[in-house]
Amino acid sequence: MEDVRTQRPFGYWLKHIDGAIESAMARLFAADDLPRRGWQVLNTVSSEPVSLSRIDEIMTAFRSADEPSMRPYVDDLVRRGWAGTDADGTVALTGEGRAAHRRIAERVGVLRTQVTECLSPEEFRTLTSLLQRVGEHLDTLAAEAA
């Protein structure tokens, strides 16, 4: 029998990696006083205007009972002057928001490269594919149990 103190289970590594990424991202975004979810919303609306309902749909994996909508992050982007909303609630970046997105995206790109530099491109594709498969399988199991 494996000793779980030396052979960490799958869930341990998922939590460890997620926590390490959260910490690295928090340090990266601290210069802009931007939470990670704020970055994700900024990135979501960076290519085209998006409705709040679509942002919430895209961010489903990050929503919870405590945070059912990304609305507070949209409001923060508007407060910063990085985004605006029109009458129907569609969110679009301002010129200042596009500049902020470019600046922060460059730093995020560097971090993403650093996080995965221990893997070959093929290993990264395989890892991502396997994680996606496990995630989809768990979704299927949850749907069957409901």
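Hi everyone, let's start with Arg 36. If we set aside its neighbours within four places in sequence, Arg 36 is in contact with Asp 18, Ile 21, Glu 22, Met 25 and Phe 29, where contact means heavy atoms within 4.5 Å.

A word on what you are looking at. This is a predicted model, in which local features need pLDDT of at least 70 and side-chain atom pairs count only at pLDDT 80 or more, while totals for chains, interfaces and linings use all residues. Residues are numbered from 1 along each chain as its sequence is written, and side-chain values use heavy atoms, with hydrogens and water left out.

Back to our arginine. Is Arg 36 buried or exposed? Its relative accessibility is 18%, so Arg 36 counts as buried; the cut-offs are under 20% relative accessible area for buried, over 50% for exposed and partly exposed in between, with a 1.4 Å probe and protein chains only. The side chains of Arg 36 and Glu 22 are joined by a polar contact of 2.8 Å. By polar contact I mean a pair of N or O atoms within 3.5 Å; within protein, one must be able to donate a hydrogen and the other to accept it, and residues adjacent in sequence count only if both atoms are side-chain atoms.

Arg 36 is found in helix α2. Helices (H or I, at least four residues) and strands (E, at least two) are DSSP runs, numbered from the N terminus. The protein has six helices and three strands, running α-α-β-α-α-β-β-α-α from the N terminus on. Of its 146 residues, 26% count as buried.

Helix α2 is mostly covered, with eight of its nine residues buried. Those buried residues pack against α1 (10-30), β1 (50-51), α3, α4, β3 and α5.

A polar atom of the Thr 44 side chain lies 2.7 Å from the backbone oxygen of Gln 40. Leaving aside neighbours within four places in sequence, Thr 44 touches Val 50, Ile 55, Ile 58 and Met 59.

Now to the partner I want to show you, α4. How do α2 and α4 pack? Their axes are 9 Å apart, at an angle of about 75°, which makes α2 roughly perpendicular to α4. From α2, the contact uses Arg 37, Gly 38, Val 41 and Leu 42, and from α4 it uses Tyr 73, Val 74 and Leu 77. By class, that contact has five nonpolar, one polar and one charged residues.

Which residues of α4 are buried? In this helix, residues 71-80, they are Tyr 73, Val 74, Asp 76, Leu 77 and Arg 80. Seen down the axis of α4, they fall within an arc of 160°, so they line one face of the helix. As a reminder, an α-helix has 3.6 residues a turn, so residues three or four places apart point the same way.

What covers that face? The cover for the buried residues of α4 includes α2 (36-44), α3 (52-58), β2 (83-85), β3 (90-93) and α5 (95-116). Just after α4, Gly 81 takes a positive phi of about 85°.

Thanks, everyone!

Conventions
The arc is that of the directions from the helix axis to the C-beta atoms. Axes are lines fitted to C-alpha atoms, for helices over the stretch in contact, and angles run from 0 to 180 degrees between N-to-C directions. Angles under 35 degrees count as roughly parallel, over 145 as roughly antiparallel, 65 to 115 as roughly perpendicular and the rest as oblique. Ala, Val, Leu, Ile, Met, Phe, Trp, Tyr, Cys and Pro count as nonpolar, Asp, Glu, Lys and Arg as charged, and the others, Gly among them, as polar.
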